[in-house]
Amino acid sequence: MNTFLRKNTVLLITLAVITALFIAAAQGMEKKDFVITLLRGLAVGSITFLVASGFSLIFGLLDVLNLAHGTLFMIGAYIGWTVFVRPDTFVDLLTPLALILSGFALADVYPFLATRIRLGLSMKRILPWALILVSVLIFSFILPRYPISIWDVENYGQSPVTYSFMADSGTRLPAPVAVFTEIAAPLALIGLVLASMIGAFGLSLFNSETQQQFKLTWKNFAAFAILLIVALLTFIFNESLTAVLTGLSSNWLFLIAVVVATLSGAGLGALIESTLIRPLYIRPIYQLMLTLGMSAIGIEIVRSVWGRPEFVMPKPAFFNGTGGVCPATNFADWWANNCSTILLLDGRVRVYNEIFIPIIGVIVLISIWMLLQRTRLGMVIRAGVQDREMVEALGINVRRVFTMVFGLGVGLAALGGILAAPSMGLSNAMGESLFLNALIALAIGGLTNYPGAALGSVLVGLIQQFIIKYGQIGIAIPFTDIIFKPTPPLVPASTVLLMVIILLILPNGLLGKKE
Amino acid sequence: MKKFLSSNRASLITLLALILLPFIVGLMDGESPMAVLANESGNAKFAQGLAIEIFILALYALSFDLIFGITGMLSFGHSMFFGVGAYLTGISLKTLGLSLPATLGLVFIAAIVQAILFGLVLPRVKGITFALVTLGMGSVFHIVVMSSELGPYTGADVGLQGVIAPAFISPANERIRFYFIALTILILVYLLYKRFVDSPTGRVCIAIRENEGRARMLGYNTFYFKLAALTLSSLTAALAGFMHTLYQPIVSPNVASMGFTVTALLIILIGGVGTLNGALVGAVVYRLLDFGLRRYIGESASFISGAVYVLFVLFIPFGIVGTWRAKSFQINQGWQRLRKLFG
Amino acid sequence: MTTEFILETQNIRKQFGGLVAVDNVSIKVRKNSLHAIIGPNGAGKTTFFNLLSGNLEPTSGKVIYKGQDITHQPVHRTIHFGIGRSFQITNIFPNLTVFENIRLASQALGSDNFKFWQASSRFKKYEERTWNVIERVGLKERAQTFARTLPHGDQRKLELGMILAPDPEVLLLDEPTAGMASEQVPELIALIQGIQKEGNKTVMLVEHNMNVVMSVSDAITVMHQGMVLAEGTPAEIAANKEVQTAYLGGLYELNV
Ligand SMILES: Nc1ncnc2c1ncn2[C@@H]1O[C@H](COP(=O)(O)OP(=O)(O)OP(=O)(O)O)[C@@H](O)[C@H]1O
Ligand SMILES: [Mg+2]
């Protein structure tokens with residue numbers, strides 16, 4: 001006990017100072033304000049935590065600073081929005097996406113194929129490029145002709161903003177069902193599969209080291225087959241599936257949106273790791289440039305697909321009741337009416353933003369903790385963060401673990417995105433500001449420390465919200481009549497300052513371990 | 001003399017091309033050299049403008065390469081070095097009404113002060129933590145210049161407007177003069193950097209990048225070397241900021257943002273980290289790519305530039321200059337073969 | 001041989017968490033002697049060197065050099081006192097040439113480190129010194145190769161060269177022959193002996209090859225689990241019962 005105190009003096013003093021500051025902050029405001037601010041802080045902290053924890057897992061295990069993490073958070077939000085507001089688009093997209101991915105699912109087969117091809121040296125150089133070119137040409141021929149009913153960012157009447165607004169008021173504008181133009185459906189489907197296989201084969205040729213395992217079993221084709229079946233089924237039952245989804249209550253649809261966004265995030269992460277990041281483990285600086293480039297590409301994709309204006313994603317009905325006894329004063333009233341707000345100590349608290357999100361934050365915190373502590377994968381991850389070489393020496397398939405962790409990290413960010421969308425709204429810049437928050441949180445808590453990520457995120461959220469609140473009510477400076485109102489720029493500045501101070505005292509953050 | 005000429009042929013040709021550039025562009029456009037010298041508007045003037053922007057970017061990229069590529073310190077707050085120069089120049093000329101030399105002196109003093117400020121954290125934090133602390137300091141500066149309280153001085157989020165450069169280097173009326181002054185400054189700074197990297201001090205900086213612990217064991221107090229690199233870098237970046245304010249009608253707060261640090265990083269990654277020539281080449285490629293894409297593609301230019309960076313990383317991993325050096329033997333062989341083919 | 005002690009430690013101790021790596025070690029090193037430290041793996045020899053050279057702060061105890069307490073001096077001061085240290089695990093600048101590695105070591109103690117306006121090739125005295133050292137350790141043919149591409153044995157020579165360059169009075173050599181092919185070992189040991197005799201230097205040597213240790217050292221300290229097990233001349237150590245059972249027993253053929 002004594003040695004614990006001695007070793008962590010600085011940490012304990014820092015924590016004590018922070019706690020004292022919070023108590024002081026609480027003195028200055030009414031109870032209801034305090035509770036609301038506390039809850040808001042926790043909510044911001046939860047979203048920050050979802051981004052920060054994924055980033056920190058990736059950095060800890062893979063040593064990759066994923067600067068595109070904020071952008072992936074944003075992409076999660078936009079994907080979730082699409083499922084929620086335009087399920088028809090989502091269903092339309094499933095088939096081509098599954099087909100495009102199908103070729104990559106055959107990754108194990110290509111090395112086998114490659115050994116069968118005997119070519120001259122110069123041909124061997126050209127072949128991958130030629131294959132990729134062919135695949136890109138086929139894609140660019142088919143995809144514009146493939147029917148996907150989508151919105152129109154140029155036309156306000158059919159823009160995402162309008163669809164979002166209509167969905168919030170309960171009406172869904174059925175967009176005209178798109179049809180194939182200039183191309184026969186079977187041809188388009190087969191073309192997509194072929195182009196995907198050609199492209200994936202071309203890409204795999206760049207990895208010249210051939211794997212030794214040449215035995216092909218049915219397992220190597222399983223993912224491919226599943227993707228094909230999914231694609232075909234959604235293609236055949238497109239209309240009935242759309243009808244089912246559109247008919248669902250917004251609660252179910254929201255749940256589906258959350259699941260889809262998280263899974264797409266995880267899939268995207270795994271894809272990025274296995275194709276783009278993997279060749280760069282030996283050149284760490286270039287990962288920075290790669291992730292920066294991906295970030296720019298991601299933002300641009302979002303801009304051109306969903307447009308630049310900000311819009312709000314409607315909340316599911318479960319959190320959106322109004323009228324009657326709302327705002328609810330007790331739990332039973334809230335449960336019966338699904339009020340969007342409840343009264344806590346006379347303060348109006350928004351249920352989704354200020355109660356639901358922190359709860360989800362805690363649930364995720366605990367589940368990842370369990371994953372890390374209780375499962376084999378978690379054990380490998382923890383060991384890998386400590387000492388990567390040792391894990392490799394143990395003969396664990398590190399590649400697969402890396403891919404999984406990258407997927408997990410990005411999936412968490414995407415989950416954060418879709419959860420934040422109904423409260424923060426969707427904008428092209430949402431990723432950037434949250435990413436800065438997450439970085440600060442991690443620096444405060446300790447870059448590769450899981451509890452540290454949680455602590456840092458909560459601190460960042462709380463400080464920001466308290467300063468915003470004090471910006472409204474003002475701080476009475478003791479012994480004077482002056483009331484000081486922190487201005488909005490002080491919100492980011494305060495957390496940044498806190499980070500700088502903490503890093504100067506504890507270079508590895510509050511909970512990061514010493515060298 | 002002859003030896004000097006032959007061993008520096010490439011640099012001398014580049015220099016000559018840069019001196020002639022405004023006139024050649026003018027001639028292609030049917031303008032006489034006299035007209036170019038008289039600053040008549042036309043393509044020549046436009047090309048000078050683009051080149052001036054590239055020179056300023058190159059200065060800024062050089063300064064980043066010195067601390068990141070040469071000394072191995074990853075700073076995410078580098079845009080602050082540039083921003084302090086740019087904003088201080090504007091405030092000094094516009095609000096304080098100081099003369100140009102006084103302004104430059106003020107900028108240099110501020111640059112030294114902020115290098116010491118960054119230096120203060122050096123002994124405590126290393127590597128990625130240094131990156132985060134500098135990111136923090138840079139963001140605070142960005143927030144400060146954006147804050148509405150300082151609006152009258154910094155122009156808050158609109159940017160600093162209405163700074164009038166002295167008439168003799170006015171970018172509108174005396175652009176050719178501005179062009180040659182900027183070119184001269186760039187060349188002088190480049191030569192200074194070349195010398196620095198080759199000097200005893202610079203060699204120790206490289207040793208620090210390679211293995212700081214060993215450099216300390218050899219008896220170097222690495223703190224002072226890092227501080228020296230930071231100071232030189234800060235002075236250069238502030239000088240670039242100074243020229244930026246003189247040249248641009250508006251100083252956007254973006255130059256103090258994290259994004260502008262990333263620009264420096266991209267430039268030297270394109271050109272080749274740790275190679276001074278790389279910073280110059282990178283600045284040219286970066287600015288022309290950006291310009292060309294915006295002009296011919298428009299809105300979604302950053303999509304393409306993002307894709308180009310990703311391709312760069314995957315296929316030209318050591319940057320243009322770095323890859324050139326690594327492959328110069330093969331490239332040379334290729335030349336020989338070509339020569340044989342044609343005679 | 002003079003009886004003056006140049007370097008000594010007083011009850012020096014280093015603890016890593018619960019593990020005491022160096023436990024109250026007090027030794028005295030005679031000037032101009034070759035003092036060997038031996039002990040099984042994990043005995044704390046490298047840690048002891050780290051305490052001497054300032055790479056680690058001791059938990060308690062003192063390091064005295066020429067009567068002066070240097071315990072809490074920063075690591076970059078060590079060489080300025082005249083104590084040079086080489087590493088068991090090769091610690092060089094991998095992406096610089098052999099020449100540049102040693103040139104950096106030669107330049108360190110000079111007063112020209114901050115002359116950033118002059119090319120380093122202008123400082124001939126460092127270059128001369130560098131060439132001397134390169135020749136001495138036998139890397140002349142490889143002067144312009146990158147250190148990382150050197151074979152292991154040559155990297156060990158480079159490591160030695162980097163501490164010869166500043167010409168320290170005391171050399172702390174942590175297993176200079178580690179990982180070398182056995183036919184190269186005598187050559188390197190002869191080199192070390194030569195340097196010590198000619199330059200009147202004090203050498204502290206960690207070495208596992210018992211035959212080498214017994215034949216070259218003036219004094220031997222045996223460490224075991226962080227503590228000093230025995231001290232004395234090679235003959236005394238060879239005769240020591242405790243050392244025989246705890247460490248040497250049956251492992252080495254002693255031909256003293
Ligand atoms: N930085 C450190 N942190 C924790 N324990 C350490 C550290 N350095 C050394 N140790 C431990 O201290 C003990 C002594 O190690 P040291 O390297 O000094 O032994 P050694 O005598 O040099 O062994 P060898 O002959 O293998 O080189 C070992 O148990 C080692 O694991
Ligand atoms: Mg050892």
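The notes below cover the surroundings of a ligand and then a single residue.

This is a predicted model, in which local features need pLDDT of at least 70 and side-chain atom pairs count only at pLDDT 80 or more, while totals for chains, interfaces and linings use all residues. Residues are numbered from 1 along each chain as its sequence is written, chains are lettered from A and ligands numbered from 1 in the order in which they are written, and side-chain values use heavy atoms, with hydrogens and water left out.

**Around ligand 1**

- Of the 13 residues around ligand 1 (a heavy atom within 4 Å), those that come nearest are C:Gly42, C:Lys45, C:Thr46, C:Thr47 and C:Gln88.
- The shell around ligand 1 divides into 4 nonpolar, 7 polar and 2 charged residues, and its largest share, 3 residues, comes from helix 1 of chain C.
- Polar contacts are pairs of N or O atoms within 3.5 Å; a backbone N or O atom of C:Gly42 lies 2.8 Å from an oxygen atom of ligand 1, and for C:Gly44 the corresponding distance is 2.9 Å.
- Taken alone, ligand 1 exposes 630 Å², and the protein buries 61% of that (Shrake-Rupley method, 1.4 Å probe).

**C:Gln155**

- C:Gln155 lies in helix 5 of chain C, which spans residues 152–164 (a DSSP run of H or I, at least four residues).
- With a relative accessible area of 15%, C:Gln155 is buried (under 20%, 1.4 Å probe, protein chains only).
- The side chain of C:Gln155 reaches the backbone oxygen of C:Ala147 at 3.1 Å.
- Leaving aside neighbours within four places in sequence, C:Gln155 is in contact (heavy atoms within 4.5 Å) with residues including C:Thr90, C:Ile92 and C:Leu150.

Key: Helices (H or I, at least four residues) and strands (E, at least two) are DSSP runs, numbered from the N terminus. Buried means under 20% relative accessible area, exposed over 50%, partly exposed in between (1.4 Å probe, protein chains only). A polar contact is a pair of N or O atoms within 3.5 Å; within protein, one must be able to donate a hydrogen and the other to accept it, and residues adjacent in sequence count only if both atoms are side-chain atoms. Ala, Val, Leu, Ile, Met, Phe, Trp, Tyr, Cys and Pro count as nonpolar, Asp, Glu, Lys and Arg as charged, and the others, Gly among them, as polar.
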